[in-house]
Amino acid sequence: MSSIGKAGRYRGSVKDFPDFDANQDAETLYNAMKGFGSDKDAILDLITSRSNKQRIEICHAYKALYGKDLIADLKYELTGKFERLIVGLMRPLEYFDAKEIKDALKGIGTDEKCLIEILASRTNKQIHALVEAYKDAYESNLEEDVIADTAGHFKKMLIVLLQGTREEDDVVSEELVEQDAKELFEAGEVKWGTDEAQFIYVLGNRSKQHLRLVFDEYLKIAGKPIEASIRGELSGDFEKLMLAVVKNMRSTAEYFADRLFKAMKGLGTRDNTLIRIMVSRSEIDMLDIREIFRTKYEKSLHHMIESDTSGDYKKALLKLCGGDDDAAGEFFPEAAQVAYQMWELSAVAKVEIKGTIHPAADFNADGDAKVLRKAMKGFGTDEDAIIEVVTQRSNTQRQEIIQAYKSHFGRDLMADLKSELSGALAKVILGLMMTPAQYDAKQLKKAMEGAGTDEAVLIEILATRNNQEIQAINEAYKEAYHKTLEDAISSDTSGHFKRILVSLALGAREESGEDLAKARADAQKLSDVSGDDSTSLETRFLSILCSQSYPQLRRVFQEFVKMTNHDVAHAIRKRMSGDVKDAFLAIVMSVKNKQAFFAEKLYKSMKGAGTDDRTLIRIIVSRSEIDLLNIRREFWDLYDKSLSHMIEVTLTSTRFFIQISALSYTVCLLLSCSSSNKSSVQT
């Protein structure tokens with residue numbers, strides 16, 4: 001199946017093989033499977049270098065020449081994931097999709113993610129072909145099978161998509177765009193409860209071009225993207241389906257790039273998803289998917305497949321991928337354009353930064369001090385009362401409580417809390433009772449004391465704080481430890497890494513606006529890698545990344561893309577190593593999207609065996625009044641799960657964490673007692 005994309009160019013990675021001869025290919029495959037064992041290299045080289053149409057001809061020629069079914073022979077000779085991949089390539093796309101959906105529906109349980117992926121991404125023509133192929137292959141009605149195996153609004157939306165009647169007219173009515181955006185807003189944000197039918201009708205039937213304009217208009221009306229409203233108003237598989245539809249309306253290639261990344265990140269590989277996408281998109285938009293993948297995740301799809309798979313399975317997947325965008329001469333110019341645009345969006349985006357902890361209304365420091373004293377007086381400790389007060393007051397209010405506690409009882413509240421609490425709860429509560437500067441200073445001190453240095457903590461704090469925060473940390477550090485932060489860093493680190501940290505610890509980053517001419521000159525300095533003087537290179541990066549304002553650095557990084565065809569993070573990974581590389585990457589990520597940087601660190605603190613409690617506590621405490629709400633949203637976008645849900649399932653005792661990340665104690669209680677997806681998404 002061919003696909004003509006940008007400017008009429010073919011965007012698949014697999015093309016018709018020149019001088020194709022179906023009989024000759026059939027003979028080659030027959031010989032590869034004849035006798036003892038099979039020549040897997042010959043099989044994968046041939047099949048992955050022929051188009052789907054040519055493979056179908058080979059199947060017919062094989063049967064005509066040998067009276068045998070080629071797919072049956074391949075199934076017999078091959079095994080495991082490699083067999084699934086090769087056999088999938090031998091089927092026409094509509095029959096491949098039909099098989100995937102049949103497998104998703106049969107047996108105990110339903111693979112909703114497979115249904116969502118296929119039905120949310122296929123065109124009208126592909127849907128119609130799929131329905132016919134399903135009926136031909138399984139003598140069953142696909143719509144009836146979906147109805148029997150799904151329920152509720154999720155079922156209704158799937159049935160709408162199965163009709164394959166999405167409008168395809170590129171002529172868009174501005175009046176209808178405004179009407180649809182208004183009706184969606186009223187169906188969700190304004191209405192008590194949600195009018196799911198309105199979401200189903202508009203998202204299930206309007207054209208791509210129309211919906212893109214509706215999404216823009218919705219943002220103007222609601223003040224937030226439609227994805228945020230869907231997460232807030234819908235739940236479960238229905239929510240996931242609607243988000244997938246929105247993503248496909250915006251960019252099908254980006255939808256699949258995200259799916260591929262999530263299929264391979266973390267422990268284990270979702271091979272069914274990986275195979276399904278590589279087979280189904282190889283002749284449609286694999287080049288577009290590769291471009292977006294490379295730009296968005298700062299690594300090539302080829303590289304990630306190579307790192308995450310093995311054997312003949314890996315070889316076949318890499319052939320379908322079609323090239324390594326990290327290899328010299330392979331990086332797409334279009335990907336550089338996307339990277340340029342991403343920095344442009346980063347420069348102009350006006351995202352409202354919000355924490356999850358706000359000043360309590362009707363605050364009474366004396367009353368809170370009495371509640372805390374009562375909670376710690378006598379036998380046992382009322383931890384719930386402590387949590388209730390501390391997590392529902394702003395840091396400024398907590399400082400007033402400390403003073404009121406001392407005035408009323410002549411006691412040190414911090415000392416009392418330290419003696420009454422223990423473990424992770426003590427670390428969270430005591431951390432919240434410090435000022436932000438005191439807390440950061442203590443974290444830096446702990447990172448440098450004892451045997452060994454926790455470089456990751458030094459990088460995390462110093463690379464993400466603004467000048468005012470850094471200066472406050474310096475004062476708090478000197479007051480608490482009678483030593484300057486600069487001296488502590490200098491005695492505990494060395495080389496370029498020390499110079500980077502000392503520069504950041506000055507809190508002297510420029511705060512001016514943008515100077516395009518200077519940005520171009522600095523981008524040229526960063527891109528000059530003609531020599532092998534790595535010391536000079538690191539010094540150039542330090543002088544620019546550690547001193548210039550965020551708006552200026554965005555322009556520098558944007559100009560860097562224009563000059564080199566690579567994102568600056570890619571250059572750092574290629575040219576540097578160790579702590580120096582990590583520090584520069586943290587600065588770049590902080591400039592690009594600080595909240596995504598923290599979301600990634602939170603995810604890594606909880607994935608795999610064991611939990612990095614220190615990182616988890618440090619970020620939750622330090623960002624709770626700054627941007628934790630935004631971090632939560634980035635976490636959901638990156639990992640398809642809520643932050644609080646992951647904390648809940650990762651830790652054995654998590655109530656205090658969830659409270660910090662909740663908008664209010666009421667939401668926390670709802671999360672604790674309800675397993676509804678809608679509730680968990682909100683936090």
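1. Asp528 counts as partly exposed in this predicted model. The reason is its relative accessibility of 38%, because the partly exposed class runs between the 20% limit for buried and the 50% limit for exposed. Asp528 sits in a loop, with helix 32 (516-527) on one side and helix 33 (534-545) on the other.

2. Which residues does Asp528 touch, once its neighbours within four places in sequence are left aside? Asp528 is in contact with Leu537 and Arg540. Arg540 is 12 residues away from Asp528 along the chain, and the C-alpha atoms of the two are separated by 9.7 Å.

3. Asp440 is another aspartate to look at. Asp440 belongs to helix 27 (residues 436-448). Is Asp440 buried or exposed? Asp440 counts as buried, because its relative accessibility is 6% and buried means under 20%. Apart from neighbours within four places in sequence, the residues in contact with Asp440 are Ile461, Arg465, Ile473 and Ser622.

4. Thr165 is found in the loop that runs between helix 10 and helix 11 (174-190). With a relative accessibility of 49%, Thr165 counts as partly exposed; the class is not exposed, because exposed requires a value over 50%. Setting aside neighbours within four places in sequence, Thr165 makes contact with Asn124 and Asn205. Thr165 can also be compared with Ser207: the two are 42 residues apart in sequence, and their C-alpha atoms are 9.6 Å apart in space.

5. The next point is a pair of helices. Two packed helices are described by the distance between their axes and the angle between those axes. For helix 10 (residues 152-162) and helix 15 (residues 236-250), the axes come within 8 Å and cross at roughly 35 degrees. The crossing of helix 10 with helix 15 is left-handed.

6. Which residues form the contact between helix 10 and helix 15? Helix 10 contributes His153, Phe154, Met157, Leu158 and Leu161. Helix 15 contributes Asp237, Phe238, Leu241, Met242 and Val245. By type, the residues of this contact divide into 8 nonpolar, 1 polar and 1 charged.

7. Helix 26 (residues 423-433) is mostly covered, with 8 of its 11 residues buried. The buried residues of helix 26 are Leu425, Ala426, Val428, Ile429, Leu430, Gly431, Leu432 and Met433.

8. How many disulfides does a search of the whole structure find? The search finds 0. A disulfide is a covalent bond between the sulfur atoms of two cysteines. Cys59 is buried, because its relative accessible area is 17% and the limit is under 20%. Cys546 is also buried, with a relative accessible area of 4%.

9. Some totals for the chain come last. The chain has 42 helices and 0 strands. Of its 683 residues, 51% count as buried. The accessible surface of the chain is about 30,600 Å², and carbon and sulfur atoms account for 49% of that surface. Among contacts in the chain with a separation of 6 or more, 72% are between residues 24 or more positions apart.

Definitions and conventions: Residues are numbered from 1 along each chain as its sequence is written. This is a predicted model: local features need pLDDT of at least 70, side-chain atom pairs count only at pLDDT 80 or more; totals for chains, interfaces and linings use all residues. Side-chain values use heavy atoms; hydrogens and water are left out. A disulfide is a pair of cysteine sulfur atoms within 2.5 Å. Buried means under 20% relative accessible area, exposed over 50%, partly exposed in between (1.4 Å probe, protein chains only). Helices (H or I, at least four residues) and strands (E, at least two) are DSSP runs, numbered from the N terminus. Contact means heavy atoms within 4.5 Å. Accessible areas come from the Shrake-Rupley method with a 1.4 Å probe; for residues, only the protein chains shown count as cover. Axes are lines fitted to C-alpha atoms, for helices over the stretch in contact, and angles run from 0 to 180 degrees between N-to-C directions. A crossing is left-handed if the near helix is turned anticlockwise from the far one by less than a right angle, and right-handed if clockwise. Ala, Val, Leu, Ile, Met, Phe, Trp, Tyr, Cys and Pro count as nonpolar, Asp, Glu, Lys and Arg as charged, and the others, Gly among them, as polar.
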